[in-house]
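Please consult the sequence and the coordinates shown here alongside the text.

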Amino acid sequence: MAQAAAVAKPPAPPRRRRASATPRRLPYLLIAPAALLMLGFIAYPVISVFYYSLQNYNPTKPWRNGFAGFDNFVHAFTDDPQFWDTLTFSAKWVFVEVGLQLLFGLALALIVNQTFVGRSLGRALVFSPWAVSGVLTSAIWVLLYNSQTGITRYLADAGIGEYGTSWLSDTSTVFPAAIVADLWRGVPFFAILILADLQSVSKDLYEAAEVDGASRIKQFWHITLPHLKDAIVLSTLLRAVWEFNNVDLLYTLTGGGPAGETTTLPLYIANTSVDAHNFGYASALTTVAFVILLFCSMVYLRLSKFGGGDK
């Protein structure tokens with residue numbers, strides 16, 4: 001017994017403390033206030049638009065306010081020819097702008113990706129228009145298109161055209177003039193994204209293609225373009241949505257004129273809500289525009305197989 005008592009008992013193993021869930025939840029708790037704030041700023045306007053799209057709401061005619069159901073949508077599709085005109089012009093505007101911006105942006109990206117003296121300065125000059133705001137861009141081009149002090153004045157001095165010609169007031173020239181103004185601002189966006197992706201292309205691929213006797217054109221079609229697929233799909237989708245929602249440049253340049261020739265659907269919505277104070281109908285048009293953009297974006301991503309990784 002004495003010997004047994006003399007033998008020291010082994011110390012008991014320390015109790016395991018239950019792992020606290022707080023450290024794992026801490027990142028979510030830290031970002032929760034900002035996430036809730038962003039959700040409020042995004043969700044409230046969207047819900048409000050959906051709500052008012054089902055209402056007759058005009059602060060200047062309160063006796064007509066009330067629940068309208070789908071009357072605003074029925075009116076848009078059946079009794080409002082301006083809706084179809086502006087939607088058609090919006091599609092035309094997006095197709096022409098995004099197509100030209102992609103072509104010129106791709107060309108500029110291929111140029112500034114080469115090695116030459118002053119490349120850094122060249123890249124800065126190419127990208128600088130993207131840093132200019134839409135309203136300032138409009139102001140610049142309004143001055144350039146001014147009939148007294150702008151481009152047409154100097155062309156008339158050179159014997160091309162007549163004095164006092166305003167490209168923004170002529171229905172035959174206003175669309176090309178607006179296209180050029182927005183190209184100046186939009187091309188750098190494509191150039192930036194495409195150049196960033198170009199710099200990740202391995203030079204070994206081009207060296208192997210040269211050894212196999214591939215020309216520059218074949219290298220472009222079989223190496224460069226496949227590698228740029230995701231960048232092109234993403235940039236064209238983003239730019240198409242932005243161009244569809246373009247209001248600032250066209251509003252400042254033309255105000256939707258002359259004779260409604262350059263009125264896009266978002267500009268028509270802005271005029272309906274701000275000028276006519278018909279917020280219910282404007283909300284319905286906004287909902288229609290949202291559904292159109294959502295549907296076209298999903299179809300485009302599906303058909304382009306974005307993110308497939310088949311470079």
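Thr137 is located in helix H6, which spans residues 134-144; helices (H or I, at least four residues) are DSSP runs numbered from the N terminus. Thr137 has a relative accessible area of 0% and is therefore buried, the term denoting under 20% relative accessible area, with exposed meaning over 50% and partly exposed in between (1.4 Å probe, protein chains only). When neighbours within four places in sequence are set aside, Thr137 contacts Val132, Ala181, Trp184, Arg185 and Leu249, where contact means heavy atoms within 4.5 Å.

The model is predicted: local features need pLDDT of at least 70, side-chain atom pairs count only at pLDDT 80 or more, and totals for chains, interfaces and linings use all residues. Residues are numbered from 1 along each chain as its sequence is written, and side-chain values use heavy atoms, with hydrogens and water left out.

**Nonpolar cores**

A nonpolar core is a set of buried Ala, Val, Leu, Ile, Met, Phe, Trp, Tyr and Cys residues joined through side-chain atoms within 4.5 Å. The largest such core comprises 30 residues, and Phe83, Ile194, Phe244, Leu265 and Leu285 have the most contacts inside it. At least two residues of this core are supplied by each of H3 (71-78), H4 (81-112), H8 (174-198), H11 (229-244), H13 (265-275) and H14 (279-304). H4 provides the largest share, 8 residues. Apart from this core lies another, of 16 residues, including Trp93, Tyr145, Phe175 and Leu183. Ile194 touches Leu102, Gly105, Leu106, Ala109 and Leu228, residues up to four places away in sequence not being counted.

**Helix packing**

Two packed helices are described by the angle between their axes and the distance between the axes. Axes are lines fitted to C-alpha atoms, for helices over the stretch in contact, and angles run from 0 to 180 degrees between N-to-C directions.

| Helix pair | Angle | Axis distance |
|---|---|---|
| H4 and H8 | about 45 degrees | 6 Å |
| H9 and H10 | about 150 degrees | 11 Å |

The angle makes H4 oblique to H8, whereas H9 and H10 are roughly antiparallel; angles under 35 degrees count as roughly parallel, over 145 as roughly antiparallel, 65 to 115 as roughly perpendicular and the rest as oblique. H4 passes H8 in a right-handed crossing, and the crossing of H9 and H10 is right-handed; right-handed means that the near helix is turned clockwise from the far one by less than a right angle.

The contact of H4 with H8 involves 22 nonpolar, 3 polar and 3 charged residues. In the other pair, Leu205, Tyr206, Ala209 and Glu210 of H9 meet Gln219, Ile223 and Thr224 of H10. Asp204 also lies in H9 and counts as exposed at 52% relative accessibility.

Buried residues of H13 are Leu265, Pro266, Leu267, Tyr268, Ile269, Thr272 and Ser273. The buried residues of H13 pack against H4, H11, H12 (248-253) and H14.

In the loop between H12 and H13 lies Pro258, which is joined to Gly257 by a cis peptide bond with omega of about -5 degrees. Ala259 is placed in the loop between H12 and H13; its phi is near 55 degrees, a positive value in a residue other than glycine. Ala259 is exposed, with a relative accessible area of 78%. His277, in the loop between H13 and H14, has a positive phi near 60 degrees and is partly exposed, with a relative accessible area of 31%.

Terms used
Nonpolar A, V, L, I, M, F, W, Y, C, P; charged D, E, K, R; others polar.
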